[in-house]
Amino acid sequence: MLLVDAARFPRYKTCGGGLIGASLAELPAEAAAAVVRRIDTVTVARKGGRARAIRSTRPFLALTDRDRFDQALVDAAVAAGAVFRDGVRVRRLEEIEGGVAVHTTDGVVVSASVVVGADGSAGVVGRFVGVRIGRSDLGLELELELELAGMEPGWAGRVHLDWGAAPGTYGWVFPKADRLTVGVMERKGDGGATRRYLDRFVHELGLGGLPVERSSGHLTRWREPGSPVRRGRVLVAGDAAGLLEPWTREGISFALRSGRAAGEAAAAGARNGVARLEQYAQMVRVELEPEQRGGALLLRLFERHPLLVHLALTRTGRGADAFVRVCRGGLSIPDGLRRHPLLRRLAVVLAGDDRARS
Ligand SMILES: Cc1cc2nc3c(=O)[nH]c(=O)nc-3n(C[C@H](O)[C@H](O)[C@H](O)COP(=O)(O)OP(=O)(O)OC[C@H]3O[C@@H](n4cnc5c(N)ncnc54)[C@H](O)[C@@H]3O)c2cc1C
C-alpha cells in the first residue's frame with residue numbers, strides 16, 4: 001500500500017484537536033500516546049457573558065496537537081506495512097482498465113487497483129467522485145503561547161466554549177501542553193467579519209497579551225446526504241467526503257471511522273473485486289449520515305434558538321449529561337433523539353425543519 005500526502009510531515013493542521021470517545025475508540029496505540037490533556041470540565045458562555053461549568057467525575061474529552069497526532073497515525077500505517085511518501089501532491093485521477101491512474105503534480109503517474117482519497121476539504125478526490133457539498137464554514141484559530149506558571153490552574157482539565165452573536169457561531173479555548181488553541185467557527189462568506197469575531201473573542205477572554213505562535217484558517221464542509229462516496233475504484237473519506245458533525249463541526253471521528261472502513265473495503269476490493277467497495281458506501285449511509293442529520297438538526301435549532309440550547313445545556317442536568325455522554329462516546333446524537341421522541345419532535349418544530357418532520 002502506498003500512502004502519499006502533499007505536505008511534508010509532521011505537518012500543522014488548523015484544528016482544535018478535540019478527541020471525543022468515538023475518536024479515541026479508533027486509535028492505534030501510537031496515536032493514543034499523542035493525547036496531551038484529558039478534560040473533565042467545560043465552561044460554557046454566551047456572547048462573552050458569565051460562564052457556567054459542566055463537570056464530570058471522569059474525563060469526557062481528550063486533546064491533542066494535530067502535527068504529533070497525524071504523524072503518529074502515519075507511523076502506525078508504516079508499521080502495518082504502508083509505504084509513505086510526503087511532499088507528493090495528487091493532481092488528478094483517471095479511470096483505466098482494472099484500476100486507477102494517479103497523476104501527481106511532479107509528473108509521476110502511479111497505477112493502483114483501488115484509491116482512497118482522504119485529501120481534506122480542499123482536495124481533488126471529492127470532486128472526482130462527485131461529492132455534493134451542502135454547506136461550508138470557516139474556522140479561524142490562534143495558537144497562543146501559554147505562560148505555564150500563570151495559566152495552568154485555570155486551564156488544567158477544562159475547555160471553554162462561547163456561543164457567538166451570529167447564528168450558529170461559537171468560539172473555543174482548548175488548552176494543550178504548552179499553549180492555548182483559541183478559535184471561532186462561522187458560516188463561510190465574510191472572512192473579515194470572522195477575523196474580527198476571533199479578535200473580539202480573544203480580547204474578551206483577556207488573552208490578547210499572549211504571544212501568537214501561529215494564526216491560520218481552514219474550511220469545513222459537509223456533504224449533502226446521499227451524495228456519492230465512491231466512483232468505480234475510487235473511495236473518498238473524511239473531510240474530502242464532507243463527513244463531519246454539523247453542529248460542533250467535530251470531524252476527526254468521522255475521518256477515522258470512514259478512513260478505517262474505506263481502507264478495509266479497499267483491501268478487500270483489491271483482492272475480491274469491486275463489489276466489496278460498495279459496502280463502504282453502505283456504511284456511510286447507515287452509520288455516519290444519521291449522525292450528520294442529527295447534528296444538522298441541532299445546528300438549525302441552535303441557529304434559531306441559541307438561548308434555549310444554552311439553557312438546556314447549562315441549566316438542566318439532562319442536557320449537560322447528554323452533552324457529556326455524546327462527547328465520551330456512550331451516546332450518539334441520533335440515539336439520544338430516538339430515545340426521546342417528544343424531544344425530537346419539539347426540536348424539529350423549533351428548528352423549522354420541514355424535511356425532518358415528514
Ligand atoms: C478550525 C477547526 C477546528 C476543528 N476542531 C476540531 C476538533 O477539535 N475536533 C474534531 O474532531 N474536529 C475538528 N475539526 C475538523 C477536523 O479538523 C477535520 O474534520 C479533520 O482534520 C479531517 O481529517 P481528514 O484526514 O479528512 O483531512 P485533513 O486533516 O484535512 O487531511 C488532509 C490531508 O490531505 C493532504 N492533501 C490535500 N490535498 C492533497 C493532494 N492533492 N494530494 C495529496 N495530499 C493532499 C493534506 O496535506 C492533508 O495532510 C476542526 C476543523 C477546523 C477547520
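Reader: In which sense do strand S13 and strand S14 pair?

Author: The model is a predicted one. Strand S13 covers residues 158-163 and strand S14 covers residues 170-175, with four bridges between them. In this pairing Trp-163 is placed opposite Tyr-170 of S14. The sense of the S13 and S14 pairing is antiparallel.

Reader: Which strands stand at the edges of the open sheet of seven strands?

Author: The sheet has mixed pairing and runs in the order S5-S4-S13-S14-S15-S12-S16. An edge strand has a single partner, so one of its sides has no neighbour in the sheet. The strands in that position are S5 (52-55) and S16 (212-223).

Reader: Is H8 parallel or oblique to H12?

Author: Helix H8 (residues 278-304) packs against helix H12 (residues 341-350) with the axes 8 Å apart and at an angle of about 55 degrees. Angles under 35 degrees would count as roughly parallel, and 65 to 115 as roughly perpendicular. The crossing is left-handed. The angle therefore makes H8, relative to H12, oblique.

Reader: How many residues of the contact of H8 with H12 are charged?

Author: H8 contributes Leu-297, Leu-301 and Arg-304, while H12 contributes Ala-347, Val-348 and Leu-350. Five of the contact residues are nonpolar and no polar residue takes part. Arg counts as charged, and the number of charged residues in the contact is one.

Definitions and conventions: Residues are numbered from 1 along each chain as its sequence is written. This is a predicted model: local features need pLDDT of at least 70, side-chain atom pairs count only at pLDDT 80 or more; totals for chains, interfaces and linings use all residues. Axes are lines fitted to C-alpha atoms, for helices over the stretch in contact, and angles run from 0 to 180 degrees between N-to-C directions. Helices (H or I, at least four residues) and strands (E, at least two) are DSSP runs, numbered from the N terminus. Angles under 35 degrees count as roughly parallel, over 145 as roughly antiparallel, 65 to 115 as roughly perpendicular and the rest as oblique. A crossing is left-handed if the near helix is turned anticlockwise from the far one by less than a right angle, and right-handed if clockwise. Two residues are in contact if their C-beta atoms, placed from the backbone, lie within 7 Å. Two strands pair if DSSP finds at least two bridges between them.
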